Each structure stands twice: as C-alpha cells, then as structure tokens.
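Please view the sequence and the structure together before reading on.

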Amino acid sequence: MIKAAGIAKSFGRVRAVRGVSFAVEPGQVAGLLGPNGAGKSTTIRIITGYLPADEGTVQVAGFDTRRDSLEARRNLGYLPEAAPLYPEMSVVGFLRYRARLFGIAPRDRVRAIGAAMERCRIEAVRGRRVGHLSRGYRQRVGLAAALLHDPPVLVLDEPTSALDPSQVVETRELIRDLGRTRTVLVSSHVLGEVERLCSRALIIAGGTLLADGTPAELVRRHGGPARYVIEARDEGRKAEPALRAVMGVAAVREERADGHWRRLGVEAGTDAPDLREPMAAALAGAGVAVRELSARPASLEDVFLRLLRAADPARENAA
Amino acid sequence: MSAAAVIAGREFRSFFRLPVGWVVIALYAALTGVVFAAGTLQPGGVATMRDFFALAAWLMLPVTPAVSMRLLAEEARSGTLEALVTSPVSDAHVVLGKYLGALAFLVAVLAPTLAFVATLWLVSDPRPEAGPIVAGYLSLVLLGGLYLAVGTLASALTNNQTLAFLLTFFFLVALLLASGTRMDFVPDWAQHAFYAVSIQRRVAEFAKGIVGLGDAVFFISGAVCFLALAWGALESRRWR
C-alpha cells in the first residue's frame, strides 16, 4: 500500500505540496488528478523517494521511504513522466540492466524480462535501439522496466501520454489488470483517463488535496445540483413557465431551437429530489409534447472544475 | 553483483555505443602516436618512454573531462537519473559505479598505446626497461583516476555537459599551473601547500620508474575526496 501522512514540500518560497494525506490500498488504482503546477509531480517524487518531504511521512508497502528507503524502493515500480531511457541501449539490454539493478537473480532474469515484454507487447522490438523507437514504444519499454521485479506498488506518471488510441486502450487494460492485486497510483491531468481507469480519484490543486473518493462518490459529493435535458415541441412557449412552476427547479434555459422543437436545460435546486416525474407531469399538463426528458449526470470534469473554482476564486472570475 | 558494478558495466559499454567514446580513443591514440613517433622513436636514442608518459599525462587534461562530463549531467538532463536513484541503489553506489565505468573506459583509451611499447620493444637494442613503463602506465591510471573524480564532481553539479567539461578542464589547468609554477608573489606557506599537491612532480617520479607509496596514496586519496564531494552533490540535488 501507499500511505502519505501530512507531506509538505517547498522550493524556496514556493509551497509545492501542503500537508497532503491519503492512503491507497492493494487492489486499488488511484488517479492523482490536477492541473499543471498542482503539485502532482512533487507528490509523486516524494512517494518514490526522489525528493524528501519537508514534513510528513510516506510508507510504501509498509516501509518508510526515508528510514527504510532501499526496502521501500525494492517494493516500488516507477514509470517517470515521459519514460526517460538510455537511447543507445537495446530494449532487451536496457531491461537486463534494470533487472540486475533490482537484484533479480540470474536464473529468474530471462523469465522476468520475457514476462514484462509480453505484458507490455514489446517483444517485436526487443533487439531495437531505444533511441530508434517511437514514443509509444518507449513508454511501453519504461512500463516493462517498472514491472520487471513484480513490485506490489506501482507509481505511473502519465502512463498513456504518448500512446495512440489502440495502445491507450491496451495499456489501460494492463493497468487495470495490474491493479487487481497491486497498489497502483497513476498521475494524470486527463480527466477521462482517470474516470475510465481508476477506482479512486485524488484531486490536487495548489499543493492541497481537494477531494478523495471513487469517481461516483466525487460526482455525488461535489457534482453540484442535478441537471436535466428536455426536448419538447413547444410552439406556444409554454414549457418554460410550466417547468419553473415545478417545486425544486432553480433555472431553465434554452440550449437549442430547431423549428418547433426546443432543447431546454434545467438545473435543480440544492437538495432537490429527482424532478423527472413532476416535470413530465407539468409539461403534459401544459400540453407540451416531449420526445426526450433525461437527467444529465455531472461528470468528473464538472467536479474538477467546481473544486478548482472553489479553491481559487480568481480562476472562477477569469472563467 | 553489486549495484555499483552493474552501473559501472552499463557506463563502460555505453562509451562504445556512442561516438564520443570512439572519438576519444582515436584522438588519444593519434596524438600519443605523434608524440611517440616524434619524441620516443629516435634512431640511435635511448629506449625509454619517459617523455612519452610526460606528454601522455598532459593529454589526459582534455581527455578525462570529455569522458567524465556526461556521467551524471546527462542522466540529470535526460531524466534517467530519476529512474536510477529511485531504484534500490544508494547514491554512493551511483557515484562509484559511474566513476568506475569511466575509469575502466580510460584504461581502454590507454590500451592502444601498448602498441607503441611493443614497437619500441621490437626495434630497440638494448630493450627498454620494463619497470619505468609499468610505472608510467600506473601513473597515467592514477592521474586519470584523480582527474575523472574531479570530473565526476563537476558532472554532479550541473545538468550541462559542456559546463561540466569546462569546470573540470579549467580546475585541472589551474591546479597544474598553481602546483607546477614558481610564483614569487605567493607566500611561502602557500608555495609549500602547492608543492605538496604537485601533480607533475609525482608523474615525473613515476616516469623514472619510481613507484612511491606516498604518491599513489596522494592520487587515490585525492580521487576519494572528490568522489565524496560528488556523492554530496548528488544528494544535494534532492534538496535543491
């Protein structure tokens, strides 16, 4: 598992991380989500032991990253951002080097390298020079290197950033599969990535952890009031007053008009119940024909933006 | 296999995969070849390589920074340092491994010059004494070892290879000038201190075939000091 307790880090006068605490259990894929400069990379670097925290502690697989640094690193597989590799080495040569560095016994080395190459689908380029590979292949070689010693904890910084769409799907499947038995922390600024890949999202901004939970929980907690979309044949413009009269409706606005058909967006008030049934009844009562009435669930993107705006009002004003 | 040996092995092999490695070998062989042909291989002269070793030591001055400049600076620039120091390897092993890989490569740079020894051996009568030649090579390895340790420190201080080269080169030039030139404006105690760290004096002793334990200890302890500083510089990257 990964356990961060009150970690803080400053660079000169800039406070990059301010008292971040969270724990990721085995069997979880957690996504560390935040805009550029949020403190994601610093947090990742503290967890991997690359940077020491000014305050707080980090445990990786039960080992303190400062007191039992080498043991913590032995239990960690790390893919840094942009997967930096040695361009002059061959793929298999690089993996052999990493296997030796992690102290994998010679009798297990061939099997470990073969398994990592198979998992990351890089057997076809095993003899190629790393510097001659596409960025997508380099990313997968970096991932294979992180998996070589079969670590119980994986930290992956932007693992799909350079991959083409089919590779992204394959890599997500691989990470999900790895996350069944391991603790996986994925850093990303791509919301869709975290939504599809992670069982848990940690939203960070300004060096502070703003939210922590499953994507569904975060949407429920921070997604804001419920919203609905309605498409109605409304020549007499009766729909809007009818909807406004429904208890719990906070706002109604026209999104699109196409001939007699109008598309309306409805925003419910805070703590309003499900309004689909009373709205359907109100529209029927007003003689408005409806061809669509559906709830529009908030997305993780909505949550992300709401949290960022709440944390930084200047951003809200700018938006 | 220890982590330092693994890193040293990778470093050593990487020189042969990069143009810079072959260029250094070729240039050193060519320049020492000129020195050997023009200065040592003299018809009717005494079969000795003393002058060759003295000049070969000077040629170490541009060669060793060229070898050491990329050791840690390139790792930091390309980002591979992050993967390296987050693997289960201590920073001391990283520095030692990098240094040993470069030192092994330096031995490989010297290897082609053995052809000059063989040539002198074949064409001379009487044959040259083996002792000064062995001592001369030992001095080049010890001297190169010290220079590489200085270069490892410079490479740990910056991400820029060119800057690492220049820092090493000018530091070594300054050290050689200060310890090998009589400077009347300098107080006596400073003259003594410079004499104590004189590199040329020690290389000249080796070239005569005199292997002094004190001289060997000087080079080795100097290298250890600079490697310890390089270790500190690598550690300080985490705090900077």
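A polar contact is a pair of N or O atoms within 3.5 Å; within protein, one of the two must be able to donate a hydrogen and the other to accept it. The structure described here is a predicted model.

## Domains of chain A

Chain A is divided into two parts, with domain 1 covering residues 2-221 and domain 2 covering residues 225-297. Between the C-alpha centres of domain 1 and domain 2 of chain A the distance is 45 Å.

## The interface of chain A and chain B

The size of an interface is often given as the accessible area lost when the parts come together. For chain A and chain B, the buried area is about 2400 Å², of which 61% lies on carbon and sulfur atoms. On the side of chain A, 25 residues take part in contacts, and they meet 26 residues of chain B.

The interface of chain A and chain B contains nine residue pairs in polar contact, with both residues of each pair at pLDDT 80 or more. Strand 1 (2-11), helix 1 (40-48), helix 2 (69-74) and helix 3 (91-101) of chain A are the elements that each give two or more residues to the side of chain A that touches chain B. Helix 3 of chain A provides the largest share, four residues. Sorted by class, the side of chain A that touches chain B holds 14 nonpolar, nine charged and two polar residues.

## Salt bridges between and within the chains

Side chains of opposite charge can pair when their charged atoms come close. Over all chains, the structure holds 32 salt bridges. Two salt bridges are counted between chain A and chain B. A:Glu88 and B:Arg10 form a salt bridge through their side chains, with an N to O distance of 3.0 Å. B:Arg10 also meets B:Glu11 in a salt bridge, at 3.6 Å from N to O. Both B:Arg10 and B:Glu11 are buried.

Within chain A, A:Asp177 and A:Arg180 form a salt bridge whose closest N and O atoms are 2.9 Å apart. A:Asp177 counts as partly exposed because its relative accessibility is 33%, whereas A:Arg180 is exposed, with a relative accessible area of 59%.

## Charged residues around strand 11

A:Asp234 and A:Arg262 join their side chains in a salt bridge of 2.7 Å, N to O. A:Asp234 belongs to the loop between strand 11 and helix 9 (239-244) of chain A, and A:Arg262 to strand 13 (residues 261-268) of chain A, so this pair ties together parts that are 28 residues apart in sequence. A:Asp234, at 4% relative accessibility, counts as buried. A:Arg262 is buried as well, with a relative accessible area of 3%. Elsewhere in chain A, salt bridges that share partners link A:Glu231, A:Glu255, A:Arg256, A:Arg263, A:Arg291, A:Glu292 and A:Arg296 into one network.

Strand 11 (residues 227-233) of chain A includes A:Glu231. With a relative accessibility of 10%, A:Glu231 counts as buried. Its side chain makes a polar contact of 2.8 Å with the side chain of A:Arg291. Leaving aside residues up to four places away in sequence, A:Glu231 touches A:Arg256, A:Trp261, A:Arg262, A:Arg263, A:Ala289, A:Val290, A:Arg291 and A:Glu292.

A:Ser69 is part of helix 2 of chain A. At 18% relative accessibility, which is under the 20% limit, A:Ser69 counts as buried. The side chains of A:Ser69 and A:Arg73 are joined by a polar contact of 2.8 Å.

## Positive phi angles in two loops

Most residues other than glycine have a negative phi. In A:Ala61, which is not a glycine, phi is positive, near 50°. A:Ala61 sits in the loop between strand 4 (55-60) and strand 5 (63-64) of chain A. With a relative accessibility of 26%, A:Ala61 counts as partly exposed.

A:Glu158, again not a glycine, has a positive phi of about 50°. The loop that holds A:Glu158 runs between strand 7 (153-157) and helix 6 (165-178) of chain A. A:Glu158 counts as buried, because its relative accessibility is 8%.

Conventions:
Residues are numbered from 1 along each chain as its sequence is written. Chains are lettered from A and ligands numbered from 1 in the order in which they are written. This is a predicted model: local features need pLDDT of at least 70, side-chain atom pairs count only at pLDDT 80 or more; totals for chains, interfaces and linings use all residues. Side-chain values use heavy atoms; hydrogens and water are left out. Domain bounds come from an automatic or database domain assignment. Contact means heavy atoms within 4.5 Å. Buried area is the accessible area (1.4 Å probe) that two parts lose on being put together, summed over both. A salt bridge is a side-chain nitrogen of Lys or Arg within 4 Å of a carboxyl oxygen of Asp or Glu. Ala, Val, Leu, Ile, Met, Phe, Trp, Tyr, Cys and Pro count as nonpolar, Asp, Glu, Lys and Arg as charged, and the others, Gly among them, as polar. Buried means under 20% relative accessible area, exposed over 50%, partly exposed in between (1.4 Å probe, protein chains only).
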